[in-house]
Amino acid sequence: MTEADLPQNLRSLYQKAESALHIQNHGYAVELLLPIIKQAPEFLEGRKKLRKAEGAAKKAATKKFFSMGGGGLSFMKVQGKVKKEPLAAINELEDLLKEDPYNPQGNNLLYEAAMNAANAGSAGMIETAAFALETIREGNPEDTKNMHRLAEHYVLNKEPEKAADIYQAIVRVDPTDGVARKGLTNANAQSSMLRQGWGQKESVRDLLRNKDQSSSLEADNRKGMTREQLEERLAEWSAKYAEDQTNITVVKRIADIYENLEDFNSALSWYEYAFSISNGDVSLQAKVSHLHEKIDEMHIHELQEALTSAPDSPDAAQKQAELDALRQTRVDRQIANARDRVERNPTDPAARFDFGVALYNGGHFTDAIPELQRAKSNPHIRTKALLTLARCFEGKGVNDIAANTLAEAVKDLTAMDAVKKEILYSLGLIHDKMGRKPEALECFKQIYEADYGYLDVATRVESSY
């Protein structure tokens, strides 16, 4: 919607608002623009000027241009309407954003509401959705997570040049961001294809007239392809992607080829996109989680190797900080993924166990305990759940309950396998910590009789005589 599309009464208000902006009367401009965009939500130019006026007014009042967040409760009240009544939610969000125009939570909700409105038929709201993320970027230009979301939005809506600009900005903030670098390459390639007319279906059909999809699938199913053959297949599937960017079969094939090429960052990006258009395909979600783990493991290994080989290098402290941050990010993502599984299937003990383990690994012992207590009801995971539960109690300093939990686990086991040895050894350590030397020694002796070489049990047992 343009100014010319506005009803006469709103057009008059808009002209007054422009005059107010011209003389930098930002507060008055806000009061004039707010009712305009509420009545004409697809009038993006008016919304942009409203946000500009709000930002200027905020800066003048607080000497701060960006948002520190906050307002969570107010925004949460609107969240329930975002999906069911997106246009109503947008108007309520504008009232809240009036006081804090660059608030990330508010603008993320605005993005979701605008996309829901677009899906319901208000096609013009797609640009409003992008504007919401652009606003977050303007308020916090180093928020790479938001910029990734914005770039993906532009890619999905076939605006690769804008996506390339965002990916370039991410790389400037974080030169180590491999996903952004690959996104930049792909976005530039898509821009080139569009400029050459490859985005037109007739051109693509000409390009692929002798290669239909069934033959492509058959070729991909052949085992032992060389790198050159894989790259040829990637070129063919990329051409198909240019024709239809929502064909999930094509997207999954591209992701699979990148994985076979061991370009795991690119594979992750394509699998994430496949999941986003799959209507919640659980197998794709698992694939995304697996690749995240694989990439993190590789990066962690590289940093550990670098620190081990050159502990006194000038950038050792920076690498250690990066390693610590990567480990924390990994734990946080594991917790988020496990929580999502529990929310989707709250009666699944295995999901509860995974969530409990993730919380334990993150040091959240208190939160992990009830999850593991519920998980131990499943006989298939009971022993592992009891072991992790005991470690949570130990982490909280409740050693006697930790010992009781491990003793409960030992009762369920007969054969002296790896699991029983681990539990007995852990129980022995806790007894030792509590000063219960005879009980500790008894645990170590049971292992000693079955496996002399297990950890340091031989030394512990023999030194007692």
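**View 1. The accessible surface of the whole chain.** The accessible surface of the chain comes to about 24,800 Å², and 50% of that area belongs to carbon and sulfur atoms. Accessible areas come from the Shrake-Rupley method with a 1.4 Å probe, and for residues only the protein chains shown count as cover. This is a predicted model, in which local features need pLDDT of at least 70, side-chain atom pairs count only at pLDDT 80 or more, and totals for chains, interfaces and linings use all residues. Residues are numbered from 1 along each chain as its sequence is written, and side-chain values use heavy atoms, with hydrogens and water left out. The chain has 25 helices and zero strands; helices (H or I, at least four residues) and strands (E, at least two) are DSSP runs, numbered from the N terminus. Of the 465 residues in the chain, 41% are buried. Buried means under 20% relative accessible area, exposed means over 50%, and partly exposed lies in between (1.4 Å probe, protein chains only). Among contacts between residues at least 6 apart in sequence, 52% join residues at least 24 apart, where contact means heavy atoms within 4.5 Å.

**View 2. The largest nonpolar core and Trp270.** A nonpolar core is a set of buried Ala, Val, Leu, Ile, Met, Phe, Trp, Tyr and Cys residues joined through side-chain atoms within 4.5 Å. The largest one has 58 residues, and those that touch the most other members are Ile166, Tyr167, Tyr241, Ile254, Trp270 and Tyr271. Helix H7 (residues 104–119) gives the most to this core, with eight residues. What does Trp270 contact, leaving aside its neighbours within four places in sequence? The residues are Asn186, Tyr241, Val251, Ile254, Ala255 and Tyr258. Another core, of 39 residues, lies apart from the largest one and has among its members Val331, Ala358, Ala385 and Ala402.

**View 3. Helix H21 and its cover.** Helix H21 covers residues 382–395, and its 14 residues should span 20 Å at 1.5 Å a residue; the end C-alpha atoms are 20 Å apart, which agrees. The expected span is 1.5 Å times one less than the number of residues in the helix. The buried residues of H21 include Thr383, Ala385, Leu386, Leu387 and Phe393. Cys392 is also in the buried set of H21, and it counts as buried because its relative accessibility is 0%. Cover for the buried residues of H21 comes from elements including helix H19 (349–361), helix H20 (365–375), helix H22 (399–411) and helix H23 (418–433). Just after H21, Gly397 takes a positive phi of about 85°.

View 4. A salt bridge is a side-chain nitrogen of Lys or Arg within 4 Å of a carboxyl oxygen of Asp or Glu. Side chains of opposite charge can pair when their charged atoms come close. The whole structure has 22 salt bridges. In one of them the side chains of Glu94 and Arg51 meet at 2.8 Å, N to O. This pair links distant parts of the chain, with Glu94 in helix H6 (residues 86–97) and Arg51 in helix H3 (residues 44–62), 43 residues apart. Are the two partners buried or exposed? Glu94 is buried, because its relative accessible area is 0%, and Arg51 counts as buried at 3%. A network of salt bridges links Arg47, Arg51, Glu54 and Glu94.

**View 5. The salt bridge between Glu112 and Arg149.** The side chains of Glu112 and Arg149 meet in a salt bridge of 3.7 Å, N to O. Glu112 lies in helix H7 and Arg149 in helix H9 (residues 144–156), so the pair links distant parts of the chain, 37 residues apart. Glu112 counts as partly exposed, at 32% relative accessibility. Arg149 counts as partly exposed too, at 27%.

**View 6. Lys421 and its surroundings.** Lys421 is found in helix H23. Not counting residues up to four places away in sequence, Lys421 touches Met416, Ile447, Asp451 and Tyr454. With Asp451 it forms a salt bridge, the closest N and O atoms being 2.9 Å apart. Asp451 sits in the loop between helix H24 (437–450) and helix H25 (457–462), and the two partners are 30 residues apart. Lys421 is buried, because its relative accessible area is 13%, whereas Asp451 counts as partly exposed at 23%.
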